[in-house]
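Walk me through this structure, from its sheets to its packed helices and on to a few local details of the backbone. Keep it brisk.

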Amino acid sequence: MRLIPTILCGGAGSRLWPVSRELHPKPFIRLADGQSLLHKAFLRGASLPGVESILTVTNRELYFKTKDEYEEVNARKLATSYILEPFGRGTAAAVATAALEVAQSHGEDAVMLVLPADHLINDQAAFSHAVTQAVRLAREGKLVTFGIRPSSAETGYGYIEANGNDVVRFVEKPTREAAKGYLESGRFDWNSGMFCFTAKTALEEMRAHCPDILAAAERCLAKSKVQKGEGLSQVDLDAECFATVPDTSIDYALFEKSGRVAVVPCSIGWSDIGSWSAIGDLAKADAHRNRLEGQAFLHDVSGCYIRSSKRVVGAVGVENLVIIDTPDALLVAARDRVQDVRQVYMQLKAKGHEAHKLHRTVHRPWGTYTVLEEGPGFKIKRIEVKPGASLSLQMHRHRSEHWVVVSGTAKVVNGEREILVHTNESTFIPAGNKHRLENPTNAELVMIEVQSGDYLGEDDIVRFDDIYGRVPAVST
């Protein structure tokens, strides 16, 4: 019986803005040790006995970014498979499509271990022991959830009342007084959002308790594009059909209704990393209770968490603040109000401000681009293209581009011409010209691109050919 770690990688992570953005969500945040939460989720599953492949459900826009993250840590070269959602429809839809895919690819008796991509677990040995218990229960036909032994009266988590492995009831996020009572009783655990079951049990129980979700997921998979190769498979869900899948959580749709639910209570050093305070607590405190990541110079400062990846931060005479600096956005918040950071994110999104969606450095399947400067009628980018990678054959209606090679060699299609552009050389791409940029060498290609025109939006693009299978009218 195979164990298939199934990683759910999505969400906005709006409480962790400005590092977390719509297209760089919480799982991709790097911690002080250099690993992202997604790295840790992959390694958590990969290190379990008997695991030969890992399934990930993620947004279509995050596929290449997720694939790159896995390549950095997949030392065992485990097979990876992906279900790509056009947009989020909740964890019930994600689990339904995953269970159907696992049943088809690995058989209905395969055991699925569903892991959120954005949690932190510090005790791998205790986690592995809890998974062993969960797999045993899953083989007995149970839908298993993991209950985290509470260390405080938290109001931000759901709770599970348990009697051994038997679930008595699920409780939504409680009041402070109720949470204190749960903690004192010893009968309640935090609901971790991690699950374990066979594909067969999941499908049987979904047919019984949420047949509309399962039926819609089945119709969607039947209409979706599937690509399979050695060590890799990809299911690209049909957007029109996926929109018909009810949007809800797997807890509400299934676990709160099924009579076959079990719980594994555990103490595994778990955190959902739900705020900047939680991330700050991972850093070492100095004598004044300050926690610093990056260069910070302080005078008469206490109880602050300061994170800056690029710039120097100076602070004087403040206490109990969170200061998060990125190249294009700065957050300053009281430590006891960090849950409200989401309100800033929602304001940015409502106004269509790009800072809710993208960083200045944007990852693409071929490499990255960084916006260095922009103003009326111009934009300057630094472009890095991976060895052997290629941008799409494309055309812009409203802008021309001037490319200067800083290092490496570029192979350029410019209209009817194909040329090599070397270090310290340049080429000009007029608006309306078909063009393509390729790195034909085994070294990084670095370029400066100067755009000029009356409209410089990333959606001014017509694609004619793309080796990554991206559809037209999507940004470069």
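Strand S24 (residues 399-407) pairs with strand S29 (residues 445-453) in the antiparallel sense, over eight bridges. Take one of them: Arg399 has Gly453 of S29 as its bridge partner. The model is a predicted one, and every value here is computed from it.

The pair belongs to an open sheet of six strands, ordered S20-S21-S22-S29-S24-S27. Pairing in this sheet is antiparallel. Which strands stand at its edges? They are S20 (361-364) and S27 (426-429). Each has a single partner strand, so one side of each is left without a neighbour in the sheet. From one strand to the next, the twist averages 20 degrees.

Another open sheet has four strands, in the order S14-S16-S18-S19. Here the pairing is mixed. S14 and S16 contribute a parallel pairing, over three bridges. Within it, Glu293 has Arg307 of S16 as its bridge partner.

Now the helices. Two packed helices are described by the angle between their axes and the distance between the axes. Start with H1 (residues 37-46) and H2 (residues 63-73). Their axes come within 9 Å and cross at roughly 60 degrees. On the H1 side, Leu38, His39, Phe42 and Leu43 make the contact. On the H2 side, the residues are Thr66, Glu69, Tyr70, Glu72 and Val73. By class, this contact has five nonpolar, two polar and two charged residues.

H3 (residues 90-106) and H7 (residues 211-222) form another such pair. Their axes come within 9 Å, and the crossing angle is roughly 60 degrees. That angle makes H3 oblique to H7. The crossing of H3 and H7 is right-handed. H3 supplies Ala92, Ala93, Ala96, Thr97, Leu100 and Glu101 to the contact. H7 supplies Ile213, Leu214, Ala217, Glu218 and Leu221. How many residues of each class does the contact of H3 with H7 have? There are eight nonpolar, one polar and two charged.

Next, the salt bridges. The count comes to 29, with a side-chain nitrogen of Lys or Arg required within 4 Å of a carboxyl oxygen of Asp or Glu. One of interest joins the side chains of Asp328 and Arg21, at 2.9 Å from N to O. The two residues are 307 residues apart, and the pair links distant parts of the chain. Asp328 sits in the loop between S18 (321-325) and S19 (330-334). Arg21 sits in the loop between S1 (3-9) and H1.

The loop between S1 and H1 also holds Pro18. The peptide bond from Trp17 to Pro18 is cis, with omega near 15 degrees.

Where does Asp300 lie? It is in the loop between S15 (296-299) and S16 (305-308).

Methods:
Residues numbered from 1 in each chain as written. Predicted model: local features only at pLDDT ≥ 70, side-chain atom pairs only at ≥ 80, totals over all residues. Heavy atoms only, no water. Axes fitted to C-alpha atoms, helices over the stretch in contact; angles between N-to-C directions. Contact = heavy atoms within 4.5 Å. Nonpolar A, V, L, I, M, F, W, Y, C, P; charged D, E, K, R; others polar. Pairing = 2+ DSSP bridges. Parallel < 35°, antiparallel > 145°, perpendicular 65-115°, else oblique. Left-handed = near helix turned anticlockwise from the far one by under 90°.
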